[in-house]
Amino acid sequence: MSLADLPPLRDVIDTHNLRAKKALGQNFLLDLNLTGKIARQAGDLTQCDVLEIGPGPGGLTRALLTEGARKVVAIERDPRCLPALAEISAAAPGRLTVLQGDALAINPAQHLTAPIRIVANLPYNVGTELLVRWLTPQDWPPFWQSLTLMFQKEVAERIVAKPGSKAYGRLAILAQWRCDARIAMHLPPQAFTPAPKVSSAVVHLTRLEQPRYPAEARVLSDIVARAFNQRRKMLRASLRGLTPDLEDVLTSVGISPTQRAEEIGLEQFCALTRAVRG
């Protein structure tokens with residue numbers, strides 16, 4: 001059996017009794033035209049290994065393989081999905097490895113060979129945490145070349161937001177510091193089974209070989225988390241305790257202590273990180 005001969009996803013769900021579980025953040029995408037479009041947003045996959053998180057019944061998995069991915073490593077927590085994924089593996093011999101377990105606890109590196117792209121319809125309950133981990137490794141550049149990820153529309157907008165906008169915050173800074181980020185496509189709730197209450201969007205992030213501005217990832221992440229923890233507060237209040245001479249340090253990098261975090265751009269946050277470290 002080839003990939004083209006596999007049964008429709010709705011039949012797969014019925015055969016294996018794969019009703020989506022809210023506790024696992026599952027919303028299945030069953031339209032193979034849409035999964036193919038998502039896979040193509042990741043670019044040319046023919047020379048790449050692909051890491052997928054939460055494949056479920058395997059709609060996106062099929063698309064990644066059909067689009068020519070050299071190999072797909074899929075991490076799936078739900079054991080109910082494993083028989084469906086095994087059918088895909090049999091239709092693409094040697095090209096699909098399924099790791100059963102929690103994506104937050106599994107290191108897939110030993111199963112992947114560079115160049116590596118990450119493509120996933122992320123489970124809602126772990127998507128943001130996984131993104132932050134991928135954006136803040138100790139060493140840069142990371143093991144991946146690009147991220148093509150589906151999020152709730154609100155989260156996607158936070159990733160690409162600009163200073164001064166309502167969505168601007170920690171995710172925008174961490175993403176745009178080390179990547180080019182854009183929203184690649186939008187999907188309505190009815191594209192999913194079951195239909196979520198919110199719209200979704202696919203974000204494509206391409207890593208930069210060097211961050212846009214020098215800064216230490218751990219310190220930047222800490223400062224940004226503090227700054228945006230209480231939105232609309234002045235920085236001299238939200239960053240209190242960061243350093244004894246906080247107001248002088250802020251002023252030295254061109255930031256007024258009375259400004260709010262949402263008014264501060266990436267370059268100034270990186271400058272603040274260096275000043276605090278200095």
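Colleague: What volume does the largest pocket have?

Modeller: About 290 Å³. Keep in mind that this is a predicted model.

Colleague: How many residues line the largest pocket, and which lie nearest its centre?

Modeller: The lining has 16 residues. Nearest the centre are Ile 106, Asn 107, Pro 108, Trp 134 and Phe 143.

Colleague: Which helix or strand supplies at least two residues of that lining?

Modeller: Strand 2 (49–53) does, and so does helix 5 (127–135). Helix 5 gives the largest share, with 3 residues.

Colleague: How do the lining residues divide into nonpolar, polar and charged?

Modeller: 14 are nonpolar, 1 is polar and 1 is charged.

Colleague: New topic. Where is Arg 62?

Modeller: In helix 3, which covers residues 59–66.

Colleague: Is Arg 62 buried or exposed?

Modeller: Arg 62 is buried, and it has no salt bridge.

Colleague: What is the nearest side chain of opposite charge?

Modeller: Glu 87, at 6.2 Å.

Colleague: Why does Ala 114 count as exposed?

Modeller: Because its relative accessibility is 56%, and exposed means over 50%.

Colleague: What separates the C-alpha atoms of Ala 114 and Leu 51?

Modeller: 11 Å, with the two residues 63 apart along the chain.

Note on methods. Residues numbered from 1 in each chain as written. Predicted model: local features only at pLDDT ≥ 70, side-chain atom pairs only at ≥ 80, totals over all residues. Heavy atoms only, no water. 1 Å grid on protein atoms, 1.4 Å probe; cavity = no way out; pocket = protein on both sides within 12 Å on 5 of 7 lines; lining within 4 Å. Points joined across faces, edges and corners; volume = space filled by probe spheres on them. Helix = DSSP H or I, 4+ residues; strand = E, 2+ residues; numbered from the N terminus. Nonpolar A, V, L, I, M, F, W, Y, C, P; charged D, E, K, R; others polar. Buried < 20%, exposed > 50% of the residue type's maximum accessible area, 1.4 Å probe, protein only. Lys, Arg positive; Asp, Glu negative; His and termini not counted. Salt bridge = Lys/Arg side-chain N within 4 Å of Asp/Glu carboxyl O.
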